[in-house]
There are 2 protein chains.
Amino acid sequence: MERDPSEKSALLIYAASETDANLYYISRFLAPDPFVYVRINGRNILVMSDLEVDRAKSQAKADEVISMSHLMNQARGRGVARPGMPDALDELFKPAEITRLEVPGNFPLAAADLLRRRGYEVLPKREPFFEQRTIKTAEEIEAITATQRATEEAVQGVVEMIRESEIKGDELWLKGKPLTSETLRKLLHITLMGMDCIARHSIIAGGEQACDPHRIGSGVLRPHQPIVLDIFPQSAATRYYADMSRTVVKGNPSEKVKKMYAAVREGQEIGFRMLKAGVDGKDVHDAILDYFEKEGFKTGEVNGRMQGFFHGTGHGVGIEIHEPPRVSSVSDTIKAGHVVTVEPGLYYPGHGGVRLEDMVVITETGCRNLTRFPKILELD
Amino acid sequence: MERDPSEKSALLIYAASETDANLYYISRFLAPDPFVYVRINGRNILVMSDLEVDRAKSQAKADEVISMSHLMNQARGRGVARPGMPDALDELFKPAEITRLEVPGNFPLAAADLLRRRGYEVLPKREPFFEQRTIKTAEEIEAITATQRATEEAVQGVVEMIRESEIKGDELWLKGKPLTSETLRKLLHITLMGMDCIARHSIIAGGEQACDPHRIGSGVLRPHQPIVLDIFPQSAATRYYADMSRTVVKGNPSEKVKKMYAAVREGQEIGFRMLKAGVDGKDVHDAILDYFEKEGFKTGEVNGRMQGFFHGTGHGVGIEIHEPPRVSSVSDTIKAGHVVTVEPGLYYPGHGGVRLEDMVVITETGCRNLTRFPKILELD
């Protein structure tokens, strides 16, 4: 669509920054209820409720913090009987002659309709809303790395417990009790909380359970079967995530599982070799998929169920656990400063799942692995 | 606006259920990436990616779980070269002659525009999207109560540490070290995680810090000043929240703080006495505000800063920490089965903040308090 260049635009977000990463990124202010961000003539302005306005003035990153009730009072002053959010925004937009509002794709429809009804052009902008958000600064990479180190320390505890467990028939036992996904998850989450990191839905899934890549796992863990660990905590302090997956077996893995592991390991290396600034994520993903096919690991639906490698190779990590770019079947240009996961996996009912996942930062000439945790299938 | 009754509507949600409470409520399925929910002719249907479809089939509450790629293939079958989400939805809506889509107010604008462009009427529906979600079942009340009991146990530990601390000049010390908000928050969060509850941004704020009701508090805690504790964890298992606030002083509170505490205590009682099915939340809020005014506790801006009682009296609690209804300056009818907080507070720079918060369930004749934790200002 052609745009009239004489029209003046503003950026607008209306969301709760605890759940909206774009808003937290630009304001560095955490609030549980929706508030307004606008960028007018290059100035970042926050419009806050009475409850939050003073805290925002002292904590938020913004050129100006305005009270919503001040704007509503202004609107009353020009004769609006019961001013609402759009009236308050008029107070900002009209003097600046703003007629076009660029908003994130997830902008709430109800608010967009109200603004359109009073004549604003409201345009959803494709992600990344803030292009710069995908390009991590040194400080952001440090934050992600710190969360990753905490993750590694906590996962080490889990792996040690699996290693120390005893094989009793078809169960793993530790300290006189069956060792369960739940026990390990609890240990992991408490350890991470002690390092001020919040983990949810951590995957500790053995055998068939791991054939659903997002199933978190439950019940007693079993010997001779791959156990997938996929842990993605968020630092409560910095709000930056890390993401890591490992697969381990206590006992003797089958030949098939050993081959799956070797293929996934090599799939990851293909990713590491190909990833650099300018590459298309789709080319990386396709190369891994092709390699798996060549090695005899087919992907597709069998008996009504997906098997093989049926998720993306990777995703950006930052203030969100899944953020742009994607390394997947959809084209997406990888740039220097992106932090992405490289996490091929293979899943075959009857054999189980294998996934390995590291985080890398993209450079002009390649990528640098932020993950240090060893990759060892067999725990003896 | 008049609606043509011959037009057929469906409900539609497109969101990630980990952050969208309506979608989790109706599907009871947790996923980190957006998926589709539709209700057509009273049937609840989920449309899932290849990654999630099998897990959804085994875990989700739905009449039907459909694979997004199946729908895309169907669209290809009728000649769509590169089908997207709207093409997949056409496969569901066209055969059922659906032309109108009712969506939540937070429905993503970008998706709404795509659907409108192909002729659907997309109508944001006012919250509560699912009216039934505000009316808690016995099972939901049990889940909220269980989270509340964990909260009480964890807060007990924090209060004991403040009680056991020593007054050294203008600081509280415990075990040879200054006692800080951070230390107590960490203990609290680890204790809660041990009970499978996730707490974030828990408020442990002393003195001036507590004058911003959402400031979480930092640094060493001080004697003779009110310390506000506001804890609102979510059960990782049930996803139901609890919410409780208490205010304590180690040492001797000023006469002003004692009066503030007594007023807030009585403000809460006014709430408990008035709350029952059919009452307007605004009437309850106004009664408390009036009582505070009458007792000499004024609300408003002084020297550019809000003071007094400048937040709502309460909010619904469930799968979200803040959900409908509100007990605030905006009218909202309270119904039997609502679970709401009752949390008046008073904040005066130079004196500090006082807030007390319980959760109650509304009945036909009154309300029942779900909170058992004692209210004691002075810890000796």
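Visitor: Which residues line the largest cavity?
Guide: This model is predicted. Rolling a probe the size of a water molecule over the atoms shows where empty space is left. The largest cavity has a volume of about 30 Å³. Its lining is N22(B), E127(B), P128(B), R133(B), T134(B), E323(B) and P324(B).

Visitor: How does the lining of the largest cavity divide into nonpolar, polar and charged residues?
Guide: P128(B) and P324(B) are in the lining, and proline counts as nonpolar. E127(B), R133(B) and E323(B) also line the cavity, and Glu and Arg count as charged. The division is 2 nonpolar, 2 polar and 3 charged.

Visitor: Which residue does P324(B) join through a cis peptide bond?
Guide: P324(B) is one of the residues that line the largest cavity. The peptide bond that runs from it has omega near 0°, and is cis.

Visitor: What is omega for the cis peptide bond of E127(A) and P128(A)?
Guide: P128(A) sits in the loop between strand 6 and helix 6 of chain A. A cis peptide bond joins it to E127(A). Omega there is about -5°.

Visitor: Where does D196(B) lie, and what is its phi?
Guide: D196(B) lies in the loop between helix 7 (181-194) and strand 10 (197-198) of chain B. It is a residue other than glycine, yet its phi is positive. The value is near 65°.

Visitor: Which element gives the most to the lining of the second largest pocket?
Guide: The second largest pocket has a volume of about 200 Å³. Among its lining residues are Y24(A), Y25(A), E139(A), E140(A) and A143(A). Helix 1 (21-27) and helix 6 (138-164) of chain A are the elements that give two or more residues. The most, 3 residues, comes from helix 6 of chain A.

Visitor: How many charged residues are in the lining of the second largest pocket?
Guide: R28(A), K61(A), E139(A) and E140(A) are in that lining. Arg, Lys and Glu count as charged. The lining also holds 5 nonpolar and 2 polar residues. The charged count is 4.

Visitor: How much area do chain A and chain B bury between them?
Guide: The two chains meet with 47 residues of chain A in contact with 47 residues of chain B. Carbon and sulfur atoms carry 56% of the buried area. The total is about 4200 Å².

Visitor: How many salt bridges does the rule find across the interface of chain A and chain B?
Guide: Side chains of opposite charge can pair when their charged atoms come close. R116(A) and D113(B) meet at 2.8 Å, N to O. D33(A) and R326(B) meet at 3.8 Å, and the cut-off is 4 Å, so that pair counts too. Across the interface the rule finds 4 salt bridges.

Visitor: Where in chain B is R326(B), the partner of D33(A)?
Guide: The pair crosses between chains. D33(A) is in the loop between helix 1 and strand 2 (35-40) of chain A. R326(B) is in strand 18 (residues 323-327).

Visitor: Which element supplies the largest share of the side of chain A that touches chain B?
Guide: Between chain A and chain B, 22 residue pairs are in polar contact. Elements of chain A that each supply at least two residues include helix 5 (109-117), helix 7 (181-194) and helix 2 (50-59). The largest share is 7 residues, and it comes from helix 2 of chain A.

How values were computed. Residues are numbered from 1 along each chain as its sequence is written. Chains are lettered from A and ligands numbered from 1 in the order in which they are written. This is a predicted model: local features need pLDDT of at least 70, side-chain atom pairs count only at pLDDT 80 or more; totals for chains, interfaces and linings use all residues. Side-chain values use heavy atoms; hydrogens and water are left out. Contact means heavy atoms within 4.5 Å. Buried area is the accessible area (1.4 Å probe) that two parts lose on being put together, summed over both. A salt bridge is a side-chain nitrogen of Lys or Arg within 4 Å of a carboxyl oxygen of Asp or Glu. A polar contact is a pair of N or O atoms within 3.5 Å; within protein, one must be able to donate a hydrogen and the other to accept it, and residues adjacent in sequence count only if both atoms are side-chain atoms. Helices (H or I, at least four residues) and strands (E, at least two) are DSSP runs, numbered from the N terminus. On a 1 Å grid over the protein atoms alone, a cavity is a set of points where a 1.4 Å probe fits but cannot get out, and a pocket is an open set with protein on both sides within 12 Å along at least five of seven lines; lining residues have an atom within 4 Å of a point. Grid points are joined across faces, edges and corners, and a volume is the space filled by probe spheres set on the points.
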